[in-house]
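Please read the following note beside the sequence and the structure. The points are numbered so that each can be checked in turn.

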Protein chains: 2
Amino acid sequence: MQPLSTQPYKGTRDFYPADMRFREAMFAVMHKTVRRYGFDPIDAPIIEPIDIYLAKTSEEIVSQQIYSFVDRGERKVALRPEMTPTVSRMVAARFHETPKPIRWYSIPNVWRYEQPGKGRLREHWQLNCDIFGAATESLADLEILNLAVDLLRAYGATDTHFKVYISHRSILNAVFKNELRLAEEKWPAVARILDKRAKLKREAYNELLKAEGVSETQAQELEEFLNGKEDYLKKKPHLEGSAYILDMLQNLSSLGLLPFVEYDPSVVRGFDYYTGLVFEVFDTHPENRRSLFGGGRYDNLVGAFAKETLNAVGFGMGDVTLEDFLRTHKLLDDIPRRVDLFIALLDTGLGTEALKLAQTLRTQGLAVEVSLGAGKLGKQFQEAEKKGITRVLILGEDEVKSGIYPVKTLATGEQVKLRAAEILPIG
Amino acid sequence: MQPLSTQPYKGTRDFYPADMRFREAMFAVMHKTVRRYGFDPIDAPIIEPIDIYLAKTSEEIVSQQIYSFVDRGERKVALRPEMTPTVSRMVAARFHETPKPIRWYSIPNVWRYEQPGKGRLREHWQLNCDIFGAATESLADLEILNLAVDLLRAYGATDTHFKVYISHRSILNAVFKNELRLAEEKWPAVARILDKRAKLKREAYNELLKAEGVSETQAQELEEFLNGKEDYLKKKPHLEGSAYILDMLQNLSSLGLLPFVEYDPSVVRGFDYYTGLVFEVFDTHPENRRSLFGGGRYDNLVGAFAKETLNAVGFGMGDVTLEDFLRTHKLLDDIPRRVDLFIALLDTGLGTEALKLAQTLRTQGLAVEVSLGAGKLGKQFQEAEKKGITRVLILGEDEVKSGIYPVKTLATGEQVKLRAAEILPIG
């Protein structure tokens, strides 16, 4: 029979021990940081009814990227492509009994059928942090931005490594409506062109605008809006979202966060459910200048599951782009394996005795690996070394009788005789 | 529009913060215990090609319970119903470069389309521990049994709470072949009857045997085998697996594990890939007398993915039955929420100042929740109380100026004035 493939499913990763140590170190920083903000962990099944994505998730994801199928009970289901609808569903299920504001986080794996490439896989893990039902919404927005910055700072990143670009969903529409007087049916198409602006040559960008019937005067106004940034907003205080952004920048300044955060009117974000603040965090490394993660305010999503809605703001930070970021800037590197002791056997028949000794040492807090009969001592030392274990205890008949064991440090060859109680975890 | 359902997909669970605290506490014991045995963590995508289950997983799972579908690239895939084929695939992928023996563990979620009931859900998490490529296989079996016992002991369980029943896959077949001289095509059917024996009335059991053409003499021999236990094996040393079990019991005795482990010839286990040791752990509680988890030796599974095979032994311990066990015996209970401090605002306008103070306290290691503008002080105290926070700092204009803050313990009403640096995490 032909052997089965050893490869993981296309566009996904197997996590071997070294990968897991890195992932765990990366996730540990997330857990620690968000818990200091009072966020509580949640989780949910990876399968959801597909309906919950039809309403508010981006059209591209649902029609082209979602993993969906019909189960044995004829239910149309999907592997979650993102966590926000699930979290909103869970909030709606315990709408009244959960004290507000609700601060929840999770690190789910999410699935999208994408062409795999750098920073883009079919399965990735994603830290989701959300605040629901804040009495003062802008304060929740500020806390979310503070948390987003603190997360990257917790890995040792500084304002030279990343930048958070913020905007407000209403501003662009207000500019379309009040300043450009653009027909409403054209807004989505023009917004998509703006979204691609940074990647387009100037001429191509102008051509696309023209094709949508944007006049030169209108294009000129768009330029002022995009390049003028805060100054444009100060001149146009009547625009919806304008005062919001100016206030937010003021508050970010009070919190000492302005070195990390900037207003960028071109930030839009793909999800249809955003209603206010939107933001996107970029790597500033010249060779890695791309979006790390983003989020925003989505005040209507809980309302899709309940009679009332609840204001909400949050973000999702993917592990693939984060790992690239951390490795590129040398903020987190491979984590060495850590086992305190290897027990080598002078005689294969001493295996049970070795397991017995290991029991004792484990109750003392040591991580101990026992040779499962590997043959000659030299070969067992090699096994320990290959496994990244630095100390070996050699067990023979005499040692079993005396309870005094030679413990060898492999790097130096130094050997000491110790009783079990004297063997401590490595430093 | 009709609101969408807030329920999780049938037969699955949402994990709210209290559920997650319990799960994390349960998993933390697993991580700690298995790492003391030198087991390394791994993980893999939840989607696998369906082929890897067709060969060796039980027929019932593949034909009736597997979640399978065709992806957008026409690949036949499945959500993993168990982890063993995946782990074997990963071992095969790095067969030569990984030092042996390989000790790997994971806590994946697995999916089976089952009728949900007590202890049975469509999604559950499962601790998998496996040893591959031990030079002395029986020593690996002994270590796996030791670990299985230690895991439950790590939760505080004793020999009054659970029992591990062991057997060897070959024994039953050897009895069929050498003692009963039963035609080989009848073995699977008779084995299935034995598997149900404990649940059947005596007459029904006898009828089923008779229907398969088992004579009264043969049925008599089966009784001696099942009831005689070790004594039967001692009388029949020529049976394959007989010496193995007698040796294993000896070694378990040396390790002090006999109070936890017993030989039970009726243990079979459902998976087709088992080749030697099989075991099943039972709750001994009279109202909860059922299988908690099990495992065994499967020496041919890696060979399905590689030119050579590698001996292997392991087990999978599900979270649903384990949680039942821990709660029934009161070994693990709900874990209280733990946030060190709540910052209440005398004035909603002080939100940014509160976030700034929280930043400082967080760098001191405190978990701090900030009121996001909840109105009157009494209402904010209520919010803190509902959230399980025991201390509240009250922030007003004067406090912002002086840097000295009243900190109130809600249970006692006691209030002290502290500088930020004097506020410590709760005990």
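1. Strand 2 of chain A and strand 4 (residues 76-79) of chain A are paired through three bridges and run antiparallel. Strands here are DSSP E runs of at least two residues and helices are H or I runs of at least four, numbered from the N terminus; two strands pair if DSSP finds at least two bridges between them. One such bridge links A:Pro49 with A:Val77 of strand 4 of chain A.

2. The model is predicted: local features need pLDDT of at least 70, side-chain atom pairs count only at pLDDT 80 or more, and totals for chains, interfaces and linings use all residues. Residues are numbered from 1 along each chain as its sequence is written, while chains are lettered from A and ligands numbered from 1 in the order in which they are written.

3. The pairing in point 1 belongs to an open sheet of three strands in chain A, with the order 2-4-3 and antiparallel pairing. Strand 2 (47-49) and strand 3 (67-70) of chain A are the edge strands, each pairing on one side only. On average, neighbouring strands of this sheet are turned by 35° against each other, direction ignored; the axes are lines fitted to C-alpha atoms, for helices over the stretch in contact, and angles run from 0 to 180 degrees between N-to-C directions.

4. Strand 12 (residues 312-318) of chain A is largely enclosed by the rest of the structure, because six of its seven residues are buried. A residue is buried if 20 or more other C-beta atoms lie within 10 Å of its own, exposed if 12 or fewer, and partly exposed in between, with C-beta atoms placed from the backbone. Strand 7 (residues 123-132) of chain A pairs with strand 12 of chain A in the antiparallel sense over seven bridges, and A:Asp130 stands opposite A:Gly314. Strand 11 (residues 291-297) of chain A is also antiparallel to strand 12 of chain A, joined to it by five bridges; here A:Gly295 stands opposite A:Phe315.

5. Helix 1 (residues 17-36) of chain A has 20 residues and spans 28 Å from first to last C-alpha, close to the 28 Å expected at 1.5 Å a residue. The expected span is 1.5 Å times one less than the number of residues. Its buried residues are A:Pro17, A:Met26, A:Met30, A:Thr33, A:Val34 and A:Arg36. After helix 1 of chain A comes A:Gly38, with a positive phi near 80°.

6. Two loop features deserve a check. A:Lys100 and A:Pro101 are joined by a cis peptide bond with omega of about -10°, and A:Pro101 lies in the loop between helix 4 (84-93) and strand 5 (102-106) of chain A. A:Arg181 is not a glycine, yet has a positive phi of about 50°; A:Arg181 is exposed, with 9 other C-beta atoms within 10 Å.

7. How many residues of chain B are in contact with chain A? There are 76, and they touch 77 residues of chain A, contact meaning that C-beta atoms, placed from the backbone, lie within 7 Å. A rotation of 180° with 0.0 Å of shift along its axis superposes chain B on chain A with an RMSD of 0.1 Å, by least squares on the C-alpha atoms of residues with pLDDT of at least 70 in both. That is the relation of a two-fold axis. The C-alpha of chain B nearest the axis, at 3.2 Å, belongs to B:Phe69.

Note on methods:
Two residues are in contact if their C-beta atoms, placed from the backbone, lie within 7 Å.
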